[in-house]
Amino acid sequence: MTEDRVFVITGASTGIGEATARLAAEAGYRIVLAARSTGKLDRLASELGPDRAFAVHCDVSEWASQKRMIAETLERFGRIDAVFANAGFSKGSSFFGGEDKPDEWREMVLVNVFGAAATARLTLPELVKTKGHFLLTGSVVGRITSIRNLYSATKWAVTGMAQAIRNEMAGTGVRVTLVEPGVVDTPFWNHLHKPGTPELQAGDVAGAVLYALSQPPRVDVNEIVIRPSGQPH
């Protein structure tokens with residue numbers, strides 16, 4: 001029953017993560033909300049209710065922080081049935097011209113790439129026990145050439161990671177889904193210049209996540225590319 005299933009979402013305080021948490025809670029999942037922004041997490045957990053949601057402060061770029069998240073999840077709920085490695089952001093300079101921003105580059109690689117890999121490594125043993133589902137947030141710019149600096153390269157890495165994880169989990173009963181959104185109207189863009197194309201809403205991507213989760217165990221939806229109507233690339 002969905003009511004017994006535990007769904008861990010990183011980057012859950014805003015945007016796609018928050019929208020997915022809300023939709024999954026409506027579907028009956030018990031939600032573990034993980035992010036660095038504790039204030040927003042606590043408010044969301046309070047809104048969803050203590051029987052439905054559990055907030056955990058987690059910096060996915062820190063291995064120890066993710067280990068604590070998993071330990072607290074198992075202490076609270078005793079199992080993990082689905083994981084959404086959703087945490088990520090875009091910052092930094094282009095490869096040529098402008099100001100050098102090596103610290104922002106380093107943080108972005110640690111969150112977007114190392115963070116997702118660590119989430120997989122630490123949660124997959126629990127998902128094997130429940131024959132669960134591992135999902136990752138990629139991007140359209142993780143499958144096409146982009147001039148959006150190093151962020152695009154980190155999402156190419158997530159694309160490869162998703163394929164590698166799926167290959168490795170074959171035969172375990174664990175399903176793996178890479179969700180690749182186009183432009184989405186979320187706080188992701190707060191410090192970035194929007195491309196001026198049509199935009200999805202965070203709930204549109206959340207709906208894609210729930211679609212993959214809702215399939216029968218024999219169906220493994222490996223990739224979902226979801227663009228707003230009219231986005232050219």
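## Strand E6 and its partners

In this predicted model, His 133 has Arg 175 in E6 as its bridge partner. The pairing belongs to strand E5 (residues 133-137), which runs parallel to E6 and is joined to E6 by five bridges. E6 also pairs with E9, again in the parallel sense, over four bridges. Here Leu 178 has Glu 223 in E9 as its bridge partner.

Strand E6 covers residues 175-181, and seven of its seven residues are buried, so the strand is largely enclosed by the rest of the structure. Both faces are covered. One side carries Arg 175, Thr 177, Val 179 and Pro 181; the other carries Val 176, Leu 178 and Glu 180.

## The whole sheet

E6 is part of an open sheet of seven strands with parallel pairing. The order is E3-E2-E1-E4-E5-E6-E9. Strand E3 (53-57) and strand E9 (223-226) are the edges, and each pairs on one side only. On average, neighbouring strands are turned by 15° against each other, direction ignored.

Strand E2 (residues 30-35) runs parallel to E3, and five bridges join the two. Within this pair, Ala 34 stands opposite Val 56 in E3. Helix H2 (residues 38-48) lies across E2 and E3. H2 runs at about 170° to E3.

## A nonpolar surface patch

Trp 63, Leu 110 and Phe 114 form a nonpolar patch on the surface. Together they have about 260 Å² of accessible area. Trp 63 lies in helix H3 (residues 63-77). Why does Trp 63 count as partly exposed? Its relative accessibility is 37%, and partly exposed covers the range between under 20% (buried) and over 50% (exposed).

Methods
Residues numbered from 1 in each chain as written. Predicted model: local features only at pLDDT ≥ 70, side-chain atom pairs only at ≥ 80, totals over all residues. Heavy atoms only, no water. Pairing = 2+ DSSP bridges. Axes fitted to C-alpha atoms, helices over the stretch in contact; angles between N-to-C directions. Contact = heavy atoms within 4.5 Å. Patch = residues over 30% accessible without salt bridge, like charges linked within 9 Å, V, L, I, M, F, W, Y side chains within 5 Å. Areas by Shrake-Rupley, 256 points an atom, 1.4 Å probe, with all protein chains shown as cover. Salt bridge = Lys/Arg side-chain N within 4 Å of Asp/Glu carboxyl O. Buried < 20%, exposed > 50% of the residue type's maximum accessible area, 1.4 Å probe, protein only.
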